[in-house]
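I opened the notebook to record what I looked up, one topic at a time.

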Amino acid sequence: MIESRHFFTLRNGTRQGGVLSPWLLARYVRDILACVASSGIGCTVGGMFINILACADHVVLLAHLWCGLQQLLDIVGQQCEIINMSLNTHKSVFMVFPPCDQFKVVVSSFPEFCANGKSLLYVSSFKYLGYIISSNNNDDADIQREVSNMFIQTNLLSRKFHKNCSIAVKSALFRSYCICMYYAALWSKFHVGILNKLRSSYNRCIKIFFGFNCRDSLTNILVTLGLPSFDTVMANAAVSYSRLWNSCSNRIVMHLRQLSLRKV
């Protein structure tokens with residue numbers, strides 16, 4: 001029996017956010033992901049071998065040696081050529097995470113990584129999926145991002161909804177655009193001063209948006225508006241993250257969860 005195959009061309013791609021986009025992307029790059037995952041080059045996290053993480057078109061390669069990471073880049077480059085695709089070296093960067101024990105640091109500089117014959121940029125921090133990852137494993141940069149974002153959103157809402165808007169509507173807007181600190185539960189290593197700065201920014205933005213005086217009692221304002229305090233927002237984020245973590249069926253997450261339970 002001879003199977004007939006029909007080919008067709010695409011002149012326009014799917015729009016961003018379309019239902020078909022993630023399915024087609026997964027079909028398109030799955031061979032690249034499978035080839036990297038089966039290469040045997042990477043690092044071990046909690047006894048599990050991991051060398052690639054992919055969320056849509058945001059791909060991360062992991063290796064504990066310089067030569068290993070370069071080999072992974074070469075594999076990705078070769079597989080991209082097969083499907084007539086190339087890496088965007090202008091948006092691709094690399095980071096080096098030094099050991100926590102400074103006495104175990106062997107060298108402080110590394111040769112440049114190359115992809116498609118072009119050198120990749122070395123960075124000490126990078127925003128991945130909205131979260132700023134720092135090579136020193138510190139969350140200060142991401143907390144500062146949240147501080148700036150909170151003032152930006154508050155000023156934007158104040159310009160558009162300062163007049164002719166009820167307190168209930170303004171409260172809903174503030175909850176939606178200013179309190180959604182999705183990554184707060186991931187903050188584990190930071191200076192107390194930067195977190196206090198975020199707390200002050202949160203309290204200040206509430207008074208700015210709702211038109212209160214800076215000397216007004218914050219407790220009375222929160223009770224009147226029905227808004228949570230900063231500590232409540234942080235606690236809710238931790239509880240929500242813990243609930244999602246415990247219910248996640250991802251293989252890597254399940255392995256790390258079991259590992260943490262063993263240590264306890």
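Entry 1: I began with N84 and asked: is it buried or exposed? N84 has a relative accessible area of 72%, so I put it down as exposed. This is a predicted model, so I keep that in mind for every entry. I found N84 in the loop between α2 (66-82) and β5 (93-94). Its phi is positive, about 60 degrees, although N84 is not a glycine. I noted the background: most residues other than glycine have a negative phi.

I then looked up N116. N116 also has a positive phi of about 60 degrees and is not a glycine. It sits in the loop between β6 (114-115) and β7 (118-119). Its relative accessibility is 39%, so N116 counts as partly exposed.

**Entry 2: salt bridges.** How many salt bridges does the structure hold? I counted three. Side chains of opposite charge can pair when their charged atoms come close.

I took D142 and R145 to start. Their side chains meet in a salt bridge at 2.9 Å, N to O. Both residues lie in helix α3 (residues 140-161). They are three residues apart, about one turn of the helix. I recalled the rule: an α-helix has 3.6 residues a turn, so residues three or four places apart point the same way. D142 has a relative accessible area of 0%, so I wrote "buried". R145 has 18%, and under 20% means buried, so R145 is buried as well.

R145 has another partner. It forms a salt bridge with E146, with the closest N and O atoms 3.3 Å apart. E146 is buried, as is R145.

Next I looked at R199 and D231. Their side chains meet at 2.9 Å, N to O. R199 lies in helix α5 and D231 in helix α7 (residues 230-247), so this pair ties together parts that are 32 residues apart in sequence. R199 is at 24% relative accessibility, so it counts as partly exposed.

**Entry 3: aromatic pairs.** I found ten aromatic pairs in the structure. I looked up Y131 and Y183, which form a tilted pair. The ring centres are 5.5 Å apart, with 50 degrees between the planes. Where do the partners sit? Y131 is in strand β10 (residues 131-134). Y183 is in the loop between α4 (167-177) and α5 (192-210). The pair links distant parts of the chain, 52 residues apart. Y131 is buried, at 13% relative accessible area. Y183 is partly exposed, at 23%.

I went on to F209 and F210. They form an edge-to-face pair, 5.1 Å centre to centre, with 75 degrees between the planes. F209 has a relative accessible area of 1%, so I call it buried. F210 is at 9%, and it counts as buried. Both belong to one aromatic cluster, made by F174, Y202, F209, F210 and F230. I also spotted K170, which lies over the face of F209, at 4.9 Å from the ring centre.

**Entry 4: the faces of α6.** Which residues of helix α6 (residues 218-225) are buried? I listed I221, L222 and L225. I looked down the axis of α6: the buried residues fall within an arc of 95 degrees, so they line one face of the helix. On the other side of α6, I found T219, N220, V223 and T224 exposed.

I167 lies in helix α4. At 45% relative accessibility, I167 counts as partly exposed.

**Entry 5: a nonpolar patch.** L20, W23 and L24 make a nonpolar patch of about 310 Å². I placed L24 in helix α1 (residues 20-37). L24 is at 32% relative accessibility, so it counts as partly exposed. A residue needs over 30% to join a patch, so L24 qualifies on that count.

Methods. Residues are numbered from 1 along each chain as its sequence is written. This is a predicted model: local features need pLDDT of at least 70, side-chain atom pairs count only at pLDDT 80 or more; totals for chains, interfaces and linings use all residues. Side-chain values use heavy atoms; hydrogens and water are left out. Patches are made of residues with over 30% relative accessible area and no salt bridge: like charges are joined within 9 Å, nonpolar side chains (Val, Leu, Ile, Met, Phe, Trp, Tyr) within 5 Å. Accessible areas come from the Shrake-Rupley method with a 1.4 Å probe; for residues, only the protein chains shown count as cover. A salt bridge is a side-chain nitrogen of Lys or Arg within 4 Å of a carboxyl oxygen of Asp or Glu. Helices (H or I, at least four residues) and strands (E, at least two) are DSSP runs, numbered from the N terminus. Buried means under 20% relative accessible area, exposed over 50%, partly exposed in between (1.4 Å probe, protein chains only). Rings of Phe, Tyr and Trp (its six-membered ring) pair if their centres lie within 6.5 Å; planes under 30 degrees apart count as stacked, over 60 as edge-to-face and the rest as tilted. A charge sits over a ring if NZ of Lys or CZ of Arg is within 6 Å of the ring centre and within 35 degrees of the ring normal. The arc is that of the directions from the helix axis to the C-beta atoms.
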